[in-house]
Amino acid sequence: MAIFILMAFVGGVCVSLSRALNGRLSLATSPLAASLWNHVVGLAVLAAAATALAGGIGGPLALALDRAPATAWIGGPLGVIFVASGSWLISRIGAANTALMVIAGQMVSGVALDLLRGLPVDLPASGAGVALIVAGTWIAQSRRG
Amino acid sequence: MAEPRPAPLLFALAFASGGLLTLMVLFNGQMAEASTPLFSSLAAHGLGTVAALALITALVAAGRMDPGRIARPAPVWAWTGGLSGAVTVMLTSVTVNSALALAGTLALGLLGQVVFGLATDRFGLFGLPRRPADGRDLAALVLILAGSALIVFAPGT
């Protein structure tokens, strides 16, 4: 169990590490260029992993072409904007603030999306969570005027 | 750089990018369900590469981007953001199937992001500006992480 806890924590560390590295690269190039290189390098690593560990991509590709809805193919292009914006923001509002605001936006929009899709939402707990996040976001952004 | 933008606008943009992330998680999750989690991430990076190239080509053609800024000298480690992102995918695809499940993976991941972000700011790591957290930063952090924990561990979700 301890190993899984460590892996999940390091998974989060790598999210912030990736944003900091891309932020540094964007200072030398541009946020969009840093996003391009992030995707090129990630593609190479994941292609190597798929070849070594999962027997290539032929099988899953056939499944995806057969079964995936159209929206399943636009997560990557949206990620280009997401990575570029993180690279741009991190040198302006800091790594912790960027991480916190992205988390806040993800949590609040996640609850909204679940409601829109008619999924079960625990309203007292999620509503209290959203209220705390909005309060924290307000404090964070009002620090410098 | 142009006029410094007011901080509230930058915070709003970062918050909005979290909404973008929710859509990415939804769409990449659809792909993972149709195929495999590893293929979903691979396809997202492949299609992201194509989209970034198309966008850069369009901006350069329109005279809105200097092609000299696509690749310029930077420390070798600065090019490894994509490696770090790929490691996240591999780690979390293991832990969501462990006893931690999705909620535990998410909660620990949020903690890891914030702890590492604080360390980056505190010591000015990776050539980014030093920006030690103050009391209000920490108050915001506690509220946002507590609210996130309530949502992630809400019963029935």
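At roughly what angle do the axes of helix H3 of chain A and helix H1 of chain B cross? The legends below answer this and then turn to other views of this predicted model.

**Figure 1. Helix H3 of chain A crosses helix H1 of chain B at roughly 115°.** Angles of 65 to 115 degrees count as roughly perpendicular, so H3(A) is roughly perpendicular to H1(B). The crossing of H3(A) past H1(B) is right-handed.

**Figure 2. Residues where H3(A) touches H1(B).** From H3(A) come Leu63(A), Ala64(A) and Arg67(A). H1(B) supplies Met31(B), Glu33(B) and Ala34(B). Sorted by class, four residues of this contact are nonpolar and two are charged. No polar residue takes part.

**Figure 3. The interface of chain A with chain B.** Chain A gives 107 residues to the contact. Chain B gives 106 residues. Together the two chains bury about 9,600 Å². Carbon and sulfur atoms account for 78% of that area. How many salt bridges are counted between chain A and chain B? The count is zero.

**Figure 4. Chain B, a chain of five helices.** Chain B has zero strands. Its pattern along the sequence reads α-α-α-α-α. The C-alpha trace of chain B spans about 50 × 45 × 30 Å along its principal axes.

**Figure 5. Helices H2 and H4 pack within chain A.** H2(A) runs over residues 31–53, and H4(A) over residues 75–93. Their axes lie 8 Å apart, at an angle of about 125°. Roughly perpendicular ends at 115 degrees and roughly antiparallel begins over 145, which means that H2(A) is oblique to H4(A). H2(A) passes H4(A) in a right-handed crossing.

**Figure 6. Side-by-side residues of H2(A) and H4(A) in contact.** On H2(A), the contact uses Pro31(A), Leu32(A), Ala34(A), Ser35(A), Asn38(A) and His39(A). On H4(A), the partners are Gly76(A), Gly79(A), Val80(A), Val83(A), Ala84(A), Ser87(A) and Trp88(A). Which classes make up this contact of H2(A) with H4(A)? Seven residues are nonpolar and six are polar.

Technical notes
Residues are numbered from 1 along each chain as its sequence is written. Chains are lettered from A and ligands numbered from 1 in the order in which they are written. This is a predicted model: local features need pLDDT of at least 70, side-chain atom pairs count only at pLDDT 80 or more; totals for chains, interfaces and linings use all residues. Side-chain values use heavy atoms; hydrogens and water are left out. Axes are lines fitted to C-alpha atoms, for helices over the stretch in contact, and angles run from 0 to 180 degrees between N-to-C directions. Helices (H or I, at least four residues) and strands (E, at least two) are DSSP runs, numbered from the N terminus. Angles under 35 degrees count as roughly parallel, over 145 as roughly antiparallel, 65 to 115 as roughly perpendicular and the rest as oblique. A crossing is left-handed if the near helix is turned anticlockwise from the far one by less than a right angle, and right-handed if clockwise. Contact means heavy atoms within 4.5 Å. Ala, Val, Leu, Ile, Met, Phe, Trp, Tyr, Cys and Pro count as nonpolar, Asp, Glu, Lys and Arg as charged, and the others, Gly among them, as polar. Buried area is the accessible area (1.4 Å probe) that two parts lose on being put together, summed over both. A salt bridge is a side-chain nitrogen of Lys or Arg within 4 Å of a carboxyl oxygen of Asp or Glu.
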